[in-house]
Amino acid sequence: MTSPQRHRIRCPLIAGNWKMNKTVVQATELVAELLAGVGQPQDREVLVCPPFTALHAVGQLVQGSPIMLGAQNLYPKDSGAYTGEVSAAMLLEAHCSYVIIGHSERRGYFAESDEFVNQKIKAALGAALKAILCVGESRQQREAGQAEGVVTDQVRKCLAGLSDRDMAEVALAYEPIWAIGTGLTATPEDAQKMHVCIRSLLGDVFGEEVARATRILYGGSVKPGNVDYLMAQPDIDGALVGGASLEAESFLRIIHFE
Ligand code: PEP
């Protein structure tokens with residue numbers, strides 16, 4: 001059982017991004033193991049984001065449990081001739097409450113711009129889905145001393161036109177690209193520094209109340225061995241976990257961070 005995190009103002013969110021992994025059979029096996037080990041956490045939220053094909057089956061299993069369901073992407077139109085795409089309403093019907101938007105793999109492999117990401121966030125919120133907006137710099141940008149500028153620019157553009165009320169349904173995930181799937185993690189101190197920078201920008205754009213209430217997750221090779229250190233930072237409000245969310249044992253350890 002997890003210990004109460006009473007010092008926190010924001011409820012931590014631990015989210016698993018399964019990416020293009022797990023058939024329906026594998027997904028239901030994994031989620032059954034997670035359900036067996038998750039307990040009834042009162043002081044943290046848990047989310048899994050399977051591929052589209054497994055959403056319905058996983059959604060049936062997690063209903064009424066402490067595990068929430070999210071998707072990894074959506075297309076920002078209600079319906080129509082967009083072959084291969086999936087709308088926000090379709091995700092909602094599959095029992096999703098969250099959707100990940102602007103992951104660096106989508107930005108990199110599918111050339112998604114900040115403006116397109118902004119449209120997707122608006123489509124998600126318009127359909128009563130919560131959004132996890134991913135931002136993060138490349139290794140070259142970090143080495144050139146541009147990390148904070150790049151990330152704040154992404155945040156500004158991706159959240160353009162959103163109201164304070166909209167922001168209650170948005171979490172951010174700071175995911176340095178060089179740390180995703182590489183085994184390299186930002187040090188807890190470096191991650192904290194970027195989270196403070198993002199929070200300060202949220203204060204400038206939306207005001208102090210939104211800045212204080214918005215969850216900023218860290219993502220990038222979060223593992224059982226580093227999660228406690230990352231989560232000990234005051235501005236790290238959760239984790240977006242790729243590789244280590246694909247095995248029940250490692251994801252459960254991350255969920256039960258100290
Ligand atoms: C991710 O996919 O968002 C991610 C952070 O992956 P990993 O944990 O494998 O680095």
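The second largest pocket of this predicted model has a volume of about 170 Å³. A pocket is here an open set of points, on a 1 Å grid over the protein atoms alone, with protein on both sides within 12 Å along at least five of seven lines, and lining residues have an atom within 4 Å of a point. Grid points are joined across faces, edges and corners, and a volume is the space filled by probe spheres set on the points. Of the 13 residues lining the second largest pocket, Met167, Ala168, Glu169, Ala213 and Thr214 are the closest to its centre. Two or more lining residues come from each of helix H8 (164–167), strand E6 (170–174) and helix H10 (208–213); H10 provides the largest share, three residues. Helices (H or I, at least four residues) and strands (E, at least two) are DSSP runs, numbered from the N terminus. The lining of this pocket comprises seven nonpolar, one polar and five charged residues. In this classification Ala, Val, Leu, Ile, Met, Phe, Trp, Tyr, Cys and Pro count as nonpolar, Asp, Glu, Lys and Arg as charged, and the others, Gly among them, as polar.

Residues are numbered from 1 along each chain as its sequence is written. As the model is predicted, local features need pLDDT of at least 70 and side-chain atom pairs count only at pLDDT 80 or more, whereas totals for chains, interfaces and linings use all residues; side-chain values use heavy atoms, with hydrogens and water left out.

The largest pocket has a volume of about 430 Å³. Its lining is formed by 16 residues, of which Lys19, Met20, Gln72, Arg106 and Phe110 are the closest to the centre. Helix H2 (52–62) and helix H4 (104–109) are the elements that give two or more residues to this lining, and H4 gives the most, with three. By class, the lining of the largest pocket divides into eight nonpolar, five polar and three charged residues.

One cavity of 30 Å³ or more was found, a cavity being a set of grid points where a 1.4 Å probe fits but cannot get out. The largest cavity holds about 40 Å³ of space. Among the residues that line the largest cavity are Gly102, His103, Cys134, Gln154, Glu175 and Ile180. At least two residues of this lining are supplied by each of H4 and strand E5 (130–135). The lining of the largest cavity has four nonpolar, five polar and two charged residues.

Glu175, one of the residues lining the largest cavity, is also among the closest of the 14 residues that surround the ligand, together with Lys19, Gly181, Ser221 and Gly242. The shell around the ligand has four nonpolar, eight polar and two charged residues. Polar side-chain atoms of Lys19 and of Glu175 each lie 2.7 Å from an oxygen atom of the ligand. A polar backbone atom of Ser221 is 2.8 Å from a ligand oxygen atom. The ligand taken alone exposes 290 Å², of which the protein buries 98%; accessible areas come from the Shrake-Rupley method with a 1.4 Å probe.

Arg199 is placed in helix H9 (residues 188–206). Arg199 is buried, with a relative accessible area of 10%, where buried means under 20% (1.4 Å probe, protein chains only). The side chains of Arg199 and Asp237 are joined by a polar contact of 2.7 Å. A polar contact is a pair of N or O atoms within 3.5 Å; within protein, one must be able to donate a hydrogen and the other to accept it, and residues adjacent in sequence count only if both atoms are side-chain atoms.

Definitions and conventions. A residue is near a molecule or strand if one of its heavy atoms lies within 4 Å of it. Buried means under 20% relative accessible area, exposed over 50%, partly exposed in between (1.4 Å probe, protein chains only).
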